[in-house]
Amino acid sequence: MMKAHSFHIPVMGIGFTIDSPLKVAQYGMDSVISLVDDILLEKLRKMYSEKFKVPYSEITDKIEDFRAKRITAYLNLISDLAEEKFESLKNVTSDKSDEFLAYINMLPNNSKIKEEFRKLTLKDFNFSEIRKWAAKNITMGSIDVNIMTKVDKDNYKNKEKLPVEYNDAHAALRGFANSKLYSSVVLSAGMNPRLFNYMGQFEDFFPDEKGTFKKRIILKVSDYRSALIQGKFLAKKGLWVSEYRIESGLNCGGHAFATDGYLLGPVLAEFKEKRNELSDTIKEVLNQELIAQNRTIPKDGLSFEISAQGGVGTEEEHNFLLNHYHLDSIGWGSPFLLVPEATTVDENTLKKLATAKEDDLYLSDISPLGVPFNNLRDNTKDAEKETLIDKGRPGSSCPKKFVALNKEFKETGICTASREYQHLKIKALDSQELAPEIYKKELDKITVKSCTCVGLGTSALLAYDLDTRVEGKGVSICPGPNMAYYDKIMSLENITDHIYGRANMISRNDRPNLFIKELYIYIDYLKNKLVDAKISMNKKEEKYLITFTKNLNEGVLYYKSLFSELKTKFQDVKVNVLNELNESEKALKLIAIEIENLSIHNNVKPILN
């Protein structure tokens with residue numbers, strides 16, 4: 001069966017989409033659960049077991065392989081409960097039809113299912129016929145999961161390092177693989193060869209004769225080269241990527257991976273142009289490996305989907321991406337944080353999100369992973385962090401240790417946001433006897449880190465009034481820049497009507513086109529890199545800046561050509577967009593001159609012309 005909707009809800013934070021499938025899967029909407037925090041998953045499993053009167057037996061950290069078992073148990077529970085909701089929805093009667101009608105009404109305007117239902121009920125409303133039709137025609141949304149491949153901490157028992165399969169990401173993968181779900185794992189944050197190798201141990205990731213999978217692989221990527229490299233690597237293990245999920249490097253929520261200045265439009269154009277080439281290249285590698293492993297080669301071959309996400313905000317943008325780049329789905333993330341019927345955000349944070357403007361949303365250095373992180377200014381987790389700094393005790397107590405990955409001081413790893421790490425790092429800094437100005441700058445680099453692996457899950461605990469004694473009440477949240485243009489708490493019907501152009505949930509009229517917004521963010525990012533380069537710049541840094549600027553210039557030229565040729569789409573903003581592209585071109589020329597001057601000043605020999 002075809003998907004009911006042309007959008008999906010990506011993973012957001014750790015807790016914000018932790019139970020989204022239970023809220024939206026019955027309406028045919030795909031969503032993604034983060035598998036980072038098994039402690040949080042276990043708390044919610046207990047809560048939902050009690051709520052729906054399902055027998056519950058706690059999986060404590062004393063049990064062998066507890067992390068994987070907690071994840072399997074939670075996913076199985078969510079699967080059962082979501083399935084029950086969906087079956088109930090399909091069992092439509094004269095007394096119980098609201099949920100079913102909501103399913104139909106929220107479908108896209110051009111939905112074949114919607115049209116068939118209209119024809120079926122044109123003359124009368126025969127509930128027996130509707131139930132038979134629904135059983136054959138309507139689909140439940142997919143309950144997908146996300147694993148950040150690099151969040152793969154080593155684990156220890158009685159001070160002895162456990163085998164690699166007990167690492168955090170490996171255990172999360174095993175938890176998903178052992179679940180009853182027929183769905184996808186979204187692999188994000190780059191390649192982890194050990195984890196990719198480990199996937200080959202689970203039969204559910206291999207196709208049957210018809211080319212179907214019990215468990216599918218979705219790769220989240222920022223450019224074509226990354227998709228090709230990772231897709232081929234997995235194919236060499238006999239594993240097929242069923243979807244390439246392209247995310248804007250900077251115009252997104254959560255962690256931001258800027259790449260080398262590749263903009264979303266040119267990246268999507270490359271995927272469109274090379275889609276068949278990508279398929280043929282990887283299929284050849286895959287089939288060789290399936291033969292070598294004596295496995296089934298699907299009779300009709302395999303296909304993959306391509307989707308995109310990051311900064312999409314209107315029906316026109318949504319449809320343009322789908323149609324112009326031949327995409328299969330569009331991810332809508334940040335706006336869904338304002339939809340309690342789809343995501344889980346505590347009341348205080350909801351209010352902060354609804355009133356957030358551009359200046360409240362910024363790219364920060366707070367992530368312990370050392371990757372730029374989209375942040376909401378004045379969130380309660382950062383306020384908690386500042387209080388500890390003011391008390392002279394910077395750093396978190398690190399109760400969960402999911403990102404205790406730094407091995408500078410301990411082989412077992414420490415989180416850079418922890419009190420232990422920051423104490424050791426500040427002690428080393430003190431011994432350097434730096435000038436006050438330089439010392440302050442280096443100190444801020446240490447203490448800026450925030451305990452996001454706790455903060456990104458706490459909102460769910462607060463929303464459901466669960467115990468927060470271990471975690472505290474500080475909430476981290478990671479909306480993308482697009483959040484600035486939404487100021488209403490919305491219903492699920494509101495947001496789907498907005499996506500499909502039946503309503504407008506954006507009250508402002510100054511929202512830039514998604515391509516222009518992303519371009520601005522990239523230019524600001526480049527300018528910030530230039531500020532750092534003014535202190536010192538080596539050949540590698542110079543090459544990066546020149547390449548970044550060159551790619552942005554090529555992106556601007558691509559957009560100028562694209563918008564000049566558009567005859568029907570974006571006509572109301574076309575003139576403004578072309579003007580903004582001209583201004584961006586001028587700004588990039590000035591940046592190129594500045595890089596050249598810095599190169600001469602720092603006596604760095606040019607690498608590129």
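In this predicted model, the cover over the buried residues of helix α7 includes α3 (66-90), β3 (143-148), β6 (183-188), α8 (193-199) and β7 (215-221). Helix α7 spans residues 168-177, and ten of its ten residues are buried. The buried set comprises D168, A169, H170, A171, A172, L173, R174, G175, F176 and A177.

The protein chain as a whole contains 20 helices and twelve strands. Its radius of gyration is 25 Å, close to the 25 Å that the globule rule gives for 609 residues, so the chain is as compact as a globular protein of that length. Along the principal axes, the C-alpha atoms fill a box of roughly 80 × 65 × 55 Å. Buried residues make up 54% of the 609 residues. Among contacts between residues at least 6 apart in sequence, 72% join residues at least 24 apart.

With a sulfur-sulfur cut-off of 2.5 Å, the disulfide count is zero. For C415, the closest cysteine sulfur belongs to C398 and lies 4.8 Å away, which is too far for a bond. C451 likewise takes part in no disulfide, the nearest cysteine sulfur being that of C453 at 4.6 Å. Both cysteines are buried: the relative accessible area is 3% for C415 and 8% for C451.

Note on methods:
Residues numbered from 1 in each chain as written. Predicted model: local features only at pLDDT ≥ 70, side-chain atom pairs only at ≥ 80, totals over all residues. Heavy atoms only, no water. Buried < 20%, exposed > 50% of the residue type's maximum accessible area, 1.4 Å probe, protein only. Helix = DSSP H or I, 4+ residues; strand = E, 2+ residues; numbered from the N terminus. Contact = heavy atoms within 4.5 Å. Rg over C-alpha atoms; globule rule 2.2 N^0.38 Å.
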